[in-house]
Amino acid sequence: MFANIPHPFQHLGVAPQAVRADRAAVRIGAEEEYDCVFAVGRGLLYAEEFSRADSLQTAVVVRIHIFSISLFSLFLRFLYGGFCDIILSMELFGLEKLSLVDYDSHTAATVFTGGCNFRCPFCHNGSLVVTSKNDFRISEEEVLDYLTKRKGLLDGLVVTGGEPTLHKDLADFLGKVKDLGYDIKLDTNGTSPEMLASLVSSRLVDYVAMDIKSSPSSYSLVAGVSDPRLDKIAESVAFLKKGSVPYEFRTTLINEFHSEKDFTEIADFIDGADKYFIQKYRDSDGCLQSGFTPVPEETAAKYLSIVAPHVGYAALRGY
């Protein structure tokens with residue numbers, strides 16, 4: 001498809017491999033800045049975030065405002081007279097290089113995305129919920145390099161957050177991981193059913209773990225937002241229950257937020273689901289707010305017994 005597309009640097013009379021990394025700036029009045037690397041591969045123009053300029057061999061480094069990336073794309077199309085897409089690489093905030101517990105039957109790595117549309121007070125990844133341009137980041141290139149080197153030793157990647165489905169470039173990143181032969185587990189709060197359905201239909205995820213924060217009547221309180229988009233969450237629940245991809249629903253149980261009534265509602269909300277887990281809460285310094293307490297195992301088992309008749313499999317996790 002892209003065989004006859006001219007390389008952008010051909011007009012300069014310079015071979016791509018001879019182009020060295022230079023810093024420039026494109027400022028078009030947007031709100032957020034990202035360090036990007038523009039390099040050409042397979043006929044497409046890719047934008048890849050990076051942290052070390054000296055690691056680049058064939059790239060032109062720019063600082064671009066993400067809000068204006070579509071305008072910049074149109075400019076490049078006009079300049080080079082050919083088909084040209086800009087794909088901003090996935091913004092990642094951490095890499096756990098080995099996990100034996102986050103993806104059942106898999107030896108996996110875990111990557112963390114930043115930003116979330118919820119503000120669950122008990123979130124154990126609080127530093128990922130509200131992010132700034134000064135936060136630590138790891139480049140997509142570094143993650144892919146690590147996965148390439150660990151092929152045969154690892155067989156899965158967990159993508160968690162934050163909320164991964166807020167990132168429009170998620171599919172592109174997952175495609176690159178799938179090209180390496182990895183199974184992918186996606187953690188999500190279910191507020192982006194369109195993205196979820198697209199990833200599943202494109203076979204970019206192999207397992208989905210979706211949080212059920214609480215009962216529909218208490219969702220706003222537990223999610224920490226006035227409108228948790230219950231309509232979208234219900235749409236994601238209905239989609240997963242169709243069985244297009246293996247999945248689970250899960251609730252992190254906190255003494256200060258959950259009661260027996262909540263699980264009566266949850267049972268109806270996910271009725272007919274394949275799997276459901278109640279997870280033990282563990283307080284830590286990384287939580288958005290600390291000081292909450294776990295529910296005793298006996299009480300957790302009682303809550304689980306309310307939901308169990310409505311699902312194919314139900315279990316406690318972490319108890």
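Where does Gly-162 lie? I looked this up first, bearing in mind that the model is predicted. Gly-162 sits in the loop between β8 and α4. I also checked its peptide bond: Gly-161 and Gly-162 are joined in cis, with omega at about 15°.

Next I followed the chain into helix α4, residues 170-179. I noted its buried residues as Leu-170, Phe-173, Leu-174, Gly-175, Lys-176 and Val-177. Just after α4, Gly-181 has a positive phi of about 95°.

Then I looked up positive phi values outside glycine. Arg-203 has one of about 60°, and I found this residue in the loop between α5 (193-201) and β10. I put Arg-203 down as exposed because its relative accessibility is 69%, and the cut-off is over 50%. Arg-229 also has a positive phi, near 60°. It belongs to the loop between α6 (219-223) and α7 (230-241), and at 36% relative accessibility I logged Arg-229 as partly exposed.

The largest pocket comes out at about 1100 Å³. Of its 42 lining residues, His-124, Asp-187, Arg-250, Thr-252 and Gln-279 are the closest to the centre. I sorted the lining by class and got 15 nonpolar, 13 polar and 14 charged residues. Strands β7, β8 (156-160), β9 (183-188), β10 (207-211), β11 (247-253) and β12 (275-280) each give at least two residues to the lining.

Last entry, the surface. I have a nonpolar patch of Leu-98, Leu-100 and Val-101, with about 350 Å² of accessible area together. Val-101 is in the loop between β6 (92-99) and β7 (108-113), and this residue is exposed at a relative accessible area of 67%.

Key. Residues numbered from 1 in each chain as written. Predicted model: local features only at pLDDT ≥ 70, side-chain atom pairs only at ≥ 80, totals over all residues. Heavy atoms only, no water. Patch = residues over 30% accessible without salt bridge, like charges linked within 9 Å, V, L, I, M, F, W, Y side chains within 5 Å. Areas by Shrake-Rupley, 256 points an atom, 1.4 Å probe, with all protein chains shown as cover. Salt bridge = Lys/Arg side-chain N within 4 Å of Asp/Glu carboxyl O. Helix = DSSP H or I, 4+ residues; strand = E, 2+ residues; numbered from the N terminus. Buried < 20%, exposed > 50% of the residue type's maximum accessible area, 1.4 Å probe, protein only. 1 Å grid on protein atoms, 1.4 Å probe; cavity = no way out; pocket = protein on both sides within 12 Å on 5 of 7 lines; lining within 4 Å. Points joined across faces, edges and corners; volume = space filled by probe spheres on them. Nonpolar A, V, L, I, M, F, W, Y, C, P; charged D, E, K, R; others polar.
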